[in-house]
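Visitor: Hello! I am new to this structure and would like to learn how to read it. Could you walk me through some of its features?

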Amino acid sequence: MRITKLEHAAVIIENAGETLIIDPGKFTRPIEPDASVVAVVITHLHDDHWTPEQLERIRAASPGVALFGPAGVVAAAAAAGIPVQPVAAGDSVVVGGFELRFFGGTHALIHRSIPLIDNVGVLVNGRFYYGGDSFDAPADTLVEVLAVPAAAPWMKLSEAMDYVEAVAPRHSFPTHEMLLSDAGKALSNARLAWSTEQAGGQFSPLTPGESIEI
C-alpha cells in the first residue's frame, strides 16, 4: 500500500490499482481523482474533513465510488444530494482491495459549549489507522502506520504524544496540521517523533504530496 498525505486531514491510500480517500475537506486543495477510487471514508461532520464539492469531484471521476460516514455525515450529505452509507464503531466493510474496520464513536470534546458529534476512526487492511478527531484506537491490533493529529482546538500536544505511545505504531506521520505555522509544525514533529521512537517506531514528517509505502 502507498499512503499519501494531502493538506490537513486528507489521506489517499493506493493498493493494487485501487484508491481509498479519507477526509477530503476544505483545507485540502481540490482533489483530482480518477476512476481508480473505490471508496471514501469521512470520519465526521466538520468541513475541514469533507465538503460536498470534494465529494462531487470524486463521484464525477468514479461514479461507482462507495462513500462511508457516521450518521451526522449521512444526514448532511443527503441534504446536498449525496448518498453516504452509514457506519459506526464496530462495523467492518470490504470494498475492492480495502478492508475497513471502524472504531471510536464520538468526536473529542472541543468545549463544553459545543455539542459533541459522532466520529469514527478507520483501520485499513489491518495496517493503517486514522482516528479522525479523536484519540480512540483499536485495542486488538498492532498498528503499522498511524496518522497523528498535530494540532486542533480539541487537543493538546501532550495528548497526541500519549496517544502515540499508547498505540506504539511502527511508523507515524502528522495530520491535521494546517492550523500551525512552520515553527509550530517543527515543534510538533519533534515531539511526535520522540513519542514514536519510545517503542522503536519511526516518525516521518510528511508534507502534502509525500508518501509512505508499506
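This is a predicted model: local features need pLDDT of at least 70, side-chain atom pairs count only at pLDDT 80 or more; totals for chains, interfaces and linings use all residues.

Visitor: What volume does the largest cavity have?

Guide: Its volume is about 50 Å³. Searching the whole structure turns up one cavity of 30 Å³ or more.

Visitor: Now to the helices. How are two packed helices described?

Guide: One gives the angle between their axes and the distance between the axes. Here, take H3 (residues 157–167) and H4 (residues 182–197): their axes come within 8 Å and cross at roughly 30°. Angles under 35 degrees count as roughly parallel, so H3 is roughly parallel to H4. The crossing of H3 and H4 is right-handed.

Visitor: Which residues of H3 meet H4?

Guide: Leu-157, Ala-160, Met-161, Val-164 and Glu-165 do, and they meet Leu-187, Ser-188, Arg-191, Leu-192, Trp-194, Ser-195 and Thr-196 in H4. The residues of this contact comprise seven nonpolar, three polar and two charged.

Note on methods:
Residues are numbered from 1 along each chain as its sequence is written. Side-chain values use heavy atoms; hydrogens and water are left out. On a 1 Å grid over the protein atoms alone, a cavity is a set of points where a 1.4 Å probe fits but cannot get out, and a pocket is an open set with protein on both sides within 12 Å along at least five of seven lines; lining residues have an atom within 4 Å of a point. Grid points are joined across faces, edges and corners, and a volume is the space filled by probe spheres set on the points. Axes are lines fitted to C-alpha atoms, for helices over the stretch in contact, and angles run from 0 to 180 degrees between N-to-C directions. Helices (H or I, at least four residues) and strands (E, at least two) are DSSP runs, numbered from the N terminus. Angles under 35 degrees count as roughly parallel, over 145 as roughly antiparallel, 65 to 115 as roughly perpendicular and the rest as oblique. A crossing is left-handed if the near helix is turned anticlockwise from the far one by less than a right angle, and right-handed if clockwise. Contact means heavy atoms within 4.5 Å. Ala, Val, Leu, Ile, Met, Phe, Trp, Tyr, Cys and Pro count as nonpolar, Asp, Glu, Lys and Arg as charged, and the others, Gly among them, as polar.
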